[in-house]
Amino acid sequence: QAGGKSIVLDANATSQLRNQGLDSTNDSPKFQHKVHSSVVKAIYTGSEFIATASGDEDFGLVLESTSFYAEQGGQIYDTGSIEGPSGSFTVNNVQVFAGYVLHIGSFLEGPDSKALSVGDEVKCKVDYTRRTLIAPNHTCTHMLNFALREVLGDHVDQKGSIVLPEKLRFDFSHGKPVQPEDLRKIEYIVNQQIKDELEVSAQEIKLADAKRINGLRAVFGEIYPDPVRVVSIGRKVEDLLANPESKEWLSISTELCGGIFTTLFYVILHLCVYVI
Ligand SMILES: [Zn+2]
């Protein structure tokens with residue numbers, strides 16, 4: 001099924017993991033594009049932790065580290081597989097609960113052996129073909145955020161976004177309908193940036209340093225970590241940091257964001273903006 005059965009690690013479950021001394025999942029390998037080796041640390045059925053997963057049920061796996069992107073910041077989760085010594089587990093959904101990344105899915109159908117146990121060494125195989133469709137759409141939300149402010153004014157605030165392989169949705173506050181001519185201008189700015197094949201630069205820096213960058217955009221009400229990831233389009237983050245107050249930065253997109261991006265602009269052909 002599309003999203004897999006949703007298995008939730010509630011506060012009780014995450015505190016059980018914490019009490020066992022299990023650290024939060026190290027998800028720093030999520031920005032890489034290769035097979036990642038890890039270890040199964042916990043298996044959850046939706047109601048209890050078990051030592052071995054087997055059969056056709058859905059399970060949630062917590063690993064020591066992961067290259068899977070858990071759904072956050074509007075960007076949809078990765079899918080793929082987790083392969084162990086005696087079973088290949090299909091990951092249909094990835095969510096993060098109190099720092100623990102939960103890989104939700106089930107074993108492949110067929111005659112293969114189907115089992116994974118706590119302590120098993122596994123290979124994380126993210127579906128990078130799918131991610132390659134998601135990443136440019138995420139980049140587009142940043143360009144769109146920038147273009148909306150350019151055309152409609154600084155009062156425009158991002159209220160959320162949904163980034164999927166096939167489309168993106170961007171919610172913002174404006175207080176009145178967007179005029180068709182403004183819509184065309186917004187579309188033009190984004191499509192011009194796509195055509196210019198601007199470089200996307202991402203760097204983790206101190207939150208206080210990030211906040212000094214002129215024109216930096218953040219999602220209102222969102223709590224950001226420190227250090228935080230800054231993503232700019234068209235200029236390197238280190239250039240921004242060298243002269244953070246420069247007025248020049250008002251004319252480029254700079255955002256706080258932990259998502260996954262692409263500089264492969266040629267995979268974005270054209271953005272059409274619709275207001276719904
Ligand atoms: Zn973003």
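A residue counts as buried under 20% relative accessible area, as exposed over 50%, and as partly exposed in between (1.4 Å probe, protein chains only). Cys 257 has 14% relative accessibility, so it counts as buried. Keep in mind that this is a predicted model, where local features need pLDDT of at least 70, side-chain atom pairs count only at pLDDT 80 or more, and totals for chains, interfaces and linings use all residues. Residues are numbered from 1 along each chain as its sequence is written, and side-chain values use heavy atoms, with hydrogens and water left out.

**Zinc site**
- His 138 (NE2), His 142 (NE2) and Cys 257 (SG) coordinate the zinc ion at 2.1 to 2.3 Å; donors are N, O and S atoms within 2.8 Å of the metal (3.2 Å for Na, K and Ca), and sites may look incomplete because water is not among the atoms.
- Along the chain, the donors of the zinc ion are spaced H-x3-H-x114-C.
- Helix α2 (residues 128-152) holds both His 138 and His 142, four residues apart, about one turn of the helix.
- Both of these histidines, His 138 and His 142, are buried.

**Cysteines**
- Cys 140 is at 1% relative accessibility and therefore counts as buried.
- There are zero disulfides in the structure, a disulfide being a pair of cysteine sulfur atoms within 2.5 Å.

**Overall fold**
- The protein chain contains five helices and 14 strands; these are DSSP runs, with helices (H or I) of at least four residues and strands (E) of at least two, numbered from the N terminus.
- Of its 276 residues, 49% count as buried.
- The C-alpha trace of the protein chain spans about 60 × 35 × 35 Å along its principal axes.
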